[in-house]
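Hello,

Here is the structure I promised to pass on to you.

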Amino acid sequence: MNRSSARTGSDNQLLIQTLTPSTSAPLLTLAKRIAEAGCNLADARVSSLGADTSLTLLATGAWDAVAKLETALAKVARDEDLRLSFYRTGPREHHSHLLPYLIEVISSDRPGILVKIIDFFDRRDIVIEQLSSLRYQAMQTGADMFQAQITIGIPAATHIAALRDDFLEFCDGLNLDAIMDPVKF
């Protein structure tokens with residue numbers, strides 16, 4: 001399907017991403033522009049990274065409301081402290097053959113841990129749906145620590161126990177403390 005083709009009803013979607021200094025995060029401004037254009041804020045992700053804030057917003061609405069929003073966003077993008085991009089997207093495909101599982105990993109921090117974890121799942125054609133990782137200092141000892149939470153989609157035909165065993169063995173080999181549980185919501 002052509003992404004730029006006009007859609008009917010409210011299935012028109014606009015993905016909006018921004019990067020700004022944390023002191024000037026435009027969440028309220030963008031939420032107001034979305035509502036004023038006649039669109040709905042269907043999904044929002046806010047993340048502070050370093051001294052900056054990243055926003056990822058998904059607006060939905062009729063094609064004319066989304067067009068009005070695009071015009072309003074072009075005006076907002078003129079702010080010097082704001083890096084803003086947006087484009088039309090479509091509804092997410094449902095993958096009913098994928099089982100959602102949550103992975104949590106904690107270890108002492110060292111370069112390349114996340115790359116190795118991502119590679120483990122990529123080699124098995126397992127989709128990473130969401131990923132959040134951070135580096136921090138342990139309160140008790142001051143040790144540099146690494147933590148990741150990853151939501152994956154496992155193909156229904158995959159033998160879960162074998163995958164779990166392989167993953168935990170992989171983590172043991174890297175001295176990572178990890179769990180793999182089904183998402184329960």
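**What I found**

Let me begin with Lys32, which has its place in helix 1 (helices are DSSP runs of H or I with at least four residues, strands are runs of E with at least two, and both are numbered from the N terminus). Lys32 is partly exposed, as its relative accessible area is 44%; here buried means under 20% relative accessible area, exposed over 50%, and partly exposed in between, with a 1.4 Å probe and protein chains only. Between the C-alpha atoms of Lys32 and Glu93, which are 61 residues apart along the chain, the separation is 28 Å.

Before going further, please keep in mind that this is a predicted model, in which local features need pLDDT of at least 70 and side-chain atom pairs count only at pLDDT 80 or more, while totals for chains, interfaces and linings use all residues. Residues are numbered from 1 along each chain as its sequence is written, and side-chain values use heavy atoms, with hydrogens and water left out.

Four strands form an open sheet in the order 2-3-1-4, with antiparallel pairing (two strands pair if DSSP finds at least two bridges between them). Strand 2 (40-49) and strand 4 are the edge strands, each pairing on one side only. From one strand to the next, the twist averages 10 degrees; axes are lines fitted to C-alpha atoms, for helices over the stretch in contact, and angles run from 0 to 180 degrees between N-to-C directions.

How many bridges hold strand 1 and strand 3 together? There are 10, and the two strands pair in the antiparallel sense. Leu14 stands opposite Ala59 of strand 3. Strand 1 is also joined to strand 4 by seven bridges, again running antiparallel. Here Gln17 has Ser85 of strand 4 as its bridge partner, and Leu19 stands opposite Arg83. Seven of the 10 residues of strand 1 are buried, so strand 1 is largely enclosed by the rest of the structure.

Thr53 lies in strand 3 and is buried, with a relative accessible area of 5%. Its side chain makes a polar contact of 3.2 Å with that of Ser22 (a polar contact is a pair of N or O atoms within 3.5 Å; within protein, one must be able to donate a hydrogen and the other to accept it, and residues adjacent in sequence count only if both atoms are side-chain atoms). Leaving aside neighbours within four places in sequence, Thr53 is in contact with residues including Pro21, Ala25 and Val46, where contact means heavy atoms within 4.5 Å.

Ser54 is also in strand 3, and at 17% relative accessibility Ser54 counts as buried. With neighbours within four places in sequence left aside, Ser54 is in contact with Thr18, Leu19, Arg45, Val46 and Ser47.

**The helices on the sheet**

Helix 1 lies across strand 1, strand 2, strand 3 and strand 4, and runs at about 10 degrees to strand 3. Helix 2 lies across strand 1, strand 3 and strand 4, at about 165 degrees to strand 4.

Which residues of helix 2 are buried? They are Ala65, Val66, Leu69, Ala72, Leu73 and Val76. Seen down the axis of helix 2, the buried residues fall within an arc of 120 degrees, so they line one face of the helix; the arc is that of the directions from the helix axis to the C-beta atoms. Lys68 and Lys75, on the other side of helix 2, are exposed. What covers the buried residues includes strand 1 (12-21), helix 1 (27-36), strand 3 (52-61) and strand 4 (83-89).

**Further along the chain**

In helix 3 (residues 113-122), the buried residues are Ile113, Ile117, Phe120 and Phe121. They cover an arc of only 90 degrees around the axis, which puts them on the same side of helix 3. On the other side, Val115 and Asp122 are exposed. The buried residues of helix 3 pack against strand 5 (98-108), strand 7 (144-155) and helix 4 (160-173).

Tyr136 has Met145 of strand 7 as its bridge partner. In the hairpin of these two strands, six residues lie between the strands, and Gly142 takes a positive phi near 80 degrees.

Happy exploring!
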